[in-house]
Amino acid sequence: MTVAPRSHDKQAATVDSQMPRRRHARVAFEVSDCSPPWLLAVVSDWLFFKPRVTYGPNARFAIGKPDDFPPGTRIARDVERVCIVREGNKIAAISTTCTHLGCIVAIADTGFACPCHGSHYDQDGNVTGGPAPKPLPWFQVTLAPNGDVVIDKNASVDPGTYLTV
Ligand code: FES
């Protein structure tokens, strides 16, 4: 003898088969409902804490001990764009960034020469030819407590300003 399913049993079977679908839809809704604020928070935190700077060489840096630069030395450091000048017991730092359009000038017999458009500077960075509008700046030179020579490119000094070491 067969018993025909009652109508509420069919309804219960239909409801049971729909439950996983509804559960998935609910989970998907909750995830989609929750993820935008979470994602927004992560992205905004990342944007907020990310420094808005361009990284490059430090403007204040040590170059070594004074004895690393014997008298008569003129050493160009292209990474820092500075020329270290040692005369007797005095040290100075002159910019090697051309004041025309910013190329790195090279040390020449007469001072400095720019390879880009032909500007020339004398030994002190004064313009002697070419399109450069102004002399090469000089930077502050100090001695650190450990005896290192420190150049500060944020601090310009008058041309001819040397640190006595
Ligand atoms: S950049 Fe040096 S002369 Fe133009």
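Predicted model: local features only at pLDDT ≥ 70, side-chain atom pairs only at ≥ 80, totals over all residues.
User: In strand 10, which residue is the bridge partner of Trp 138?

Analyst: Residues are numbered from 1 along each chain as its sequence is written, and side-chain values use heavy atoms, with hydrogens and water left out. Strand 9 and strand 10 run antiparallel and are joined by 6 bridges, where pairing requires that DSSP finds at least two bridges between two strands. Within strand 10, the bridge partner of Trp 138 is Val 157.

User: Which residue in strand 9 stands opposite Ile 94?

Analyst: Strand 4 is joined to strand 9 by 2 bridges, and the two run antiparallel. In strand 9, the residue opposite Ile 94 is Trp 138.

User: Which residue in the turn of the hairpin formed by strand 9 and strand 10 has a positive phi?

Analyst: The hairpin has 5 residues between its two strands. Asp 148 lies in this loop, between strand 9 (138-143) and strand 10 (149-157). With a phi of about 95 degrees, the residue in the turn is Gly 147.

User: With which side chain does the side chain of Asp 148 make a polar contact?

Analyst: Asp 148 has a relative accessibility of 17% and counts as buried (buried means under 20% relative accessible area, exposed over 50%, partly exposed in between, with a 1.4 Å probe and protein chains only). Not counting residues up to four places away in sequence, Asp 148 touches Ala 62, Gly 64, Lys 65, Thr 142 and Leu 143, a contact being heavy atoms within 4.5 Å. A polar contact is a pair of N or O atoms within 3.5 Å; within protein, one must be able to donate a hydrogen and the other to accept it, and residues adjacent in sequence count only if both atoms are side-chain atoms. At 3.0 Å, the partner side chain of Asp 148 is that of Lys 65.

User: Is Lys 65 buried, partly exposed or exposed?

Analyst: Lys 65 sits in the loop between strand 1 (60-64) and strand 2 (74-77). Leaving aside neighbours within four places in sequence, Lys 65 is in contact with Asn 146, Gly 147, Asp 148 and Val 149. Its relative accessible area is 36%, so Lys 65 is partly exposed.

User: What distance separates the C-alpha atoms of Lys 65 and Val 165?

Analyst: These two residues are 100 residues apart along the chain. Their C-alpha atoms are separated by 9.8 Å.

User: Is the disulfide between Cys 103 and Cys 116 left-handed or right-handed?

Analyst: The structure holds 1 disulfide (a pair of cysteine sulfur atoms within 2.5 Å), and an S to S distance of 1.9 Å joins Cys 103 to Cys 116. Cys 103 is in the loop between strand 4 and strand 5, and Cys 116 is in the loop between strand 6 and strand 7 (120-121), 13 residues apart. The torsion about the S-S bond is about -95 degrees, so the disulfide is left-handed.

User: What is the relative accessibility of Cys 83?

Analyst: Cys 116 is partly exposed at 36%, while Cys 114 is buried at 7%. Cys 83 also counts as buried, with a relative accessibility of 0%.

User: How many residues are in the largest nonpolar core?

Analyst: A nonpolar core is a set of buried Ala, Val, Leu, Ile, Met, Phe, Trp, Tyr and Cys residues joined through side-chain atoms within 4.5 Å. In the largest one, Ile 94, Val 105, Phe 112, Tyr 121 and Leu 136 touch the most other members, and strand 3 (82-87) and strand 4 (90-95) each supply at least two residues. A second, separate core of 12 residues includes Ile 91, Ala 93, Phe 139 and Val 141. The residue count of the largest core is 13.

Definitions and conventions:
Helix = DSSP H or I, 4+ residues; strand = E, 2+ residues; numbered from the N terminus.
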